[in-house]
Amino acid sequence: MTVAVWLGTAPPVRTIRWLDGALHAAMKFAKLDDPLLAVAAGDPTWLDLAADRAGRAGVPAAGISINLQLDYLGWAQVMAAVARQINARIVIVDEASRPERFPEVAALAELLEAAQLTHVVSLAPDGDAVHASRVHGTVLQAVRITGPAVIGVRIPGAPIEEYPTPTPSASMRRLDLNSLGLDPVVLGHRALPPRVGGEPRRTLERVAEHLAVHVVPRRGGAY
Amino acid sequence: MGAVLVHIDLDGDRPHAASLAALAAGRLLASSWGATLYAALVVHDTTTRAAPESTAQVVSAGNLPALERTQELLARAGADKIVVALTDVAPSPLWATVGGAWQGVLDHLRPRVVLFGADSPSSAELAPRTGARLGARLLLRARAVGVEDVELRDRDGGYVRSSDSGAAVAVIGGPQPAAGCDEDVDLVMLVMPGSSDDRVELIGTQPAELIHLTGAIVALGEDAAADAAIAKNARKLATALGAPLVSPPTIARSTPLSPDVLIAIGNVTADVAGATSLIRIAPNAGKQVDGALTGPIGSSLIELLDALGGGS
């Protein structure tokens, strides 16, 4: 079965450890002689980094140079087009490197009419099936997947403090929207307005506001 | 104005607290927008079967004895109507299991806005897939804000307003003010044909390890853990967030934590780079934080607890 890895559209927020983990998880399928392809989209610097890490993990890479800012459904359309083109049966999504990647698991599964599984922390191919452990609250669910599936993984690679600056990759397969049968104007309907950017919250009010959405509602208390 | 639909997970015989928080947010929204507020839940029932070729059958209206308590609580929390999707598939918090029945609810109501409780069991699997099904915008960890013109807003600046076109799905985080409504509510039951996705099979469960947790984690550095008052208030913060409190030697420099939010108090040594959001309470904020309180740790923690309503 062909396996694709969706690495996303921008570099990891803090560490490339999860990116490496997703690629190493995909490599388990390569041992069964299954074709593999790691896919990234976005600006050239990010594509070079993605191709570099994929190359170090032994996974062939493809990059889609694109300067749109899309929502979860827009990016899912891009990756779904790649998955269809290579006839991928399993799509692994690195859902831990950036928070916006997580909803793309479901969006991809919807577009590909595939089974979906999120929050997977370990993955093992077993013939035509895949065994996965999925975190759900404070328990791990053991799940067996057969058939086409999109699997969101949060599997860490080895600890890494610094990594070599990637150089432009000669081996990366370059894709564009036209070759994928996608119209940038149509994709633009899923454009995402710029979100509030990066300045850390430094006051009590702003930190409390940030954490308020994580306070757990209590039984019988305020909703 | 279209329907506002809230997905309800059950916690035993009553609605999950996070689902009730989403319902409270939905009440604010529906009242402001002039919309009908639906609370919908998927319930295992083997006594009524739909015709295999049908999508969903409306079988009756009234009440379901096994759900009387749930019905009462949902009505009191503000639901105008309750939709119960009866399925002969035993529900588990996976799209593969309940997605078919939930799709029947979506088809039946065609909602404008769908809300999930962020900490409810099914939201991770159902909310984004619901958004994808509806072609909807998606807000994660959002709240209802405003008094007359209520809107949904997430912490990244995303919002949903009554004047927006198209559908939206929002995952509601944190408690919401209770609406305090009467108990007059309509109940609609839909019988769904057996519809689980047998490509995904749940085999078993076991306790998760710390490195796998995805919610919130409060981590204490060795310096902070040595102070009894700080440790006590860190426990209170962890309780308010429903989070485990961890400190050395449970965590080491290479322990890869990847929660939704990590509150690092003092000089925490774990690998926190996998956290979606990182808040530091320490004299030195360090790099890549989303927020930091850099005053004295003890007083910062007390003030934060007070601000979150968990100080008492």
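User: What conventions and limits apply to the model?

Analyst: The model is predicted: local features need pLDDT of at least 70, side-chain atom pairs count only at pLDDT 80 or more, and totals for chains, interfaces and linings use all residues. Residues are numbered from 1 along each chain as its sequence is written, chains are lettered from A and ligands numbered from 1 in the order in which they are written, and side-chain values use heavy atoms, with hydrogens and water left out.

User: How do I read confidence, and what is the mean pLDDT of chain B?

Analyst: pLDDT is the predictor's confidence in each residue, from 0 to 100. Where pLDDT is low, the predicted coordinates should not be read in detail. Chain B has a mean pLDDT of 89, and 92% of its residues reach 70 or more. The model scores ipTM 0.93 and pTM 0.93.

User: How do I read a sheet, and what is the strand order in the sheet of 10 strands?

Analyst: Strands of a sheet pair through backbone hydrogen bonds, either parallel or antiparallel. Helices (H or I, at least four residues) and strands (E, at least two) are DSSP runs, numbered from the N terminus. Two strands pair if DSSP finds at least two bridges between them. Here the open sheet runs β9(A)-β3(A)-β2(A)-β1(A)-β4(A)-β8(A)-β5(A)-β6(A)-β7(A)-β13(B), with mixed pairing. β9 (173–175) of chain A and β13 (200–207) of chain B stand at the edges, each with a single partner strand, so one side of each is left without a neighbour in the sheet. Neighbouring strands are turned by 35° against each other on average, direction ignored. Axes are lines fitted to C-alpha atoms, for helices over the stretch in contact, and angles run from 0 to 180 degrees between N-to-C directions.

User: Which residue stands opposite Gly63(A) in β9(A)?

Analyst: Arg174(A) does. Strand β3 (residues 61–65) of chain A pairs with β9(A) in the parallel sense, over three bridges.

User: Which helices pack on this sheet?

Analyst: Contact means heavy atoms within 4.5 Å. Helix α1 (residues 17–30) of chain A packs on the sheet, and the strands it touches include β1 (2–8), β2 (36–42) and β4 (88–94) of chain A. The direction of α1(A) makes about 160° with that of β4(A). Helix α4 (residues 123–134) of chain B lies across β5 and β6 of chain A, at about 115° to β5(A).

User: What is the order in the sheet of five strands?

Analyst: This open sheet has the order β15-β14-β16-β17-β18 in chain B, with parallel pairing. Its edge strands are β15 (245–246) and β18 (291–293) of chain B, each pairing on one side only. Helix α6 (residues 228–241) of chain B packs on the sheet, touching β14, β15 and β16 (261–265) of chain B. The direction of α6(B) makes about 175° with that of β14(B). Strand β14 (residues 216–220) of chain B and β15(B) pair over two parallel bridges. Ala219(B) has Val246(B) as its bridge partner in β15(B).

User: How do I read the interface, and how many residues does each chain give?

Analyst: Chain B gives 85 residues to the contact and chain A gives 65.

User: How many salt bridges lie between chain B and chain A?

Analyst: Side chains of opposite charge can pair when their charged atoms come close. The rule wants a side-chain nitrogen of Lys or Arg within 4 Å of a carboxyl oxygen of Asp or Glu. The count between the chains is six. One of the salt bridges joins Arg134(A) and Glu125(B) at 3.7 Å, N to O. β13(B) supplies the largest share of the side of chain B that touches chain A, eight residues.

User: Which residue does Arg190(A) meet in a salt bridge?

Analyst: Asp71(A), at 2.6 Å, N to O. The pair links distant parts of the chain, 119 residues apart. Over all chains, the search finds 22 salt bridges.

User: Where is the cis peptide bond?

Analyst: The bond runs from Pro248(B) to Pro249(B), with omega near 5°. Pro249(B) is in the loop between β15 and β16 of chain B.
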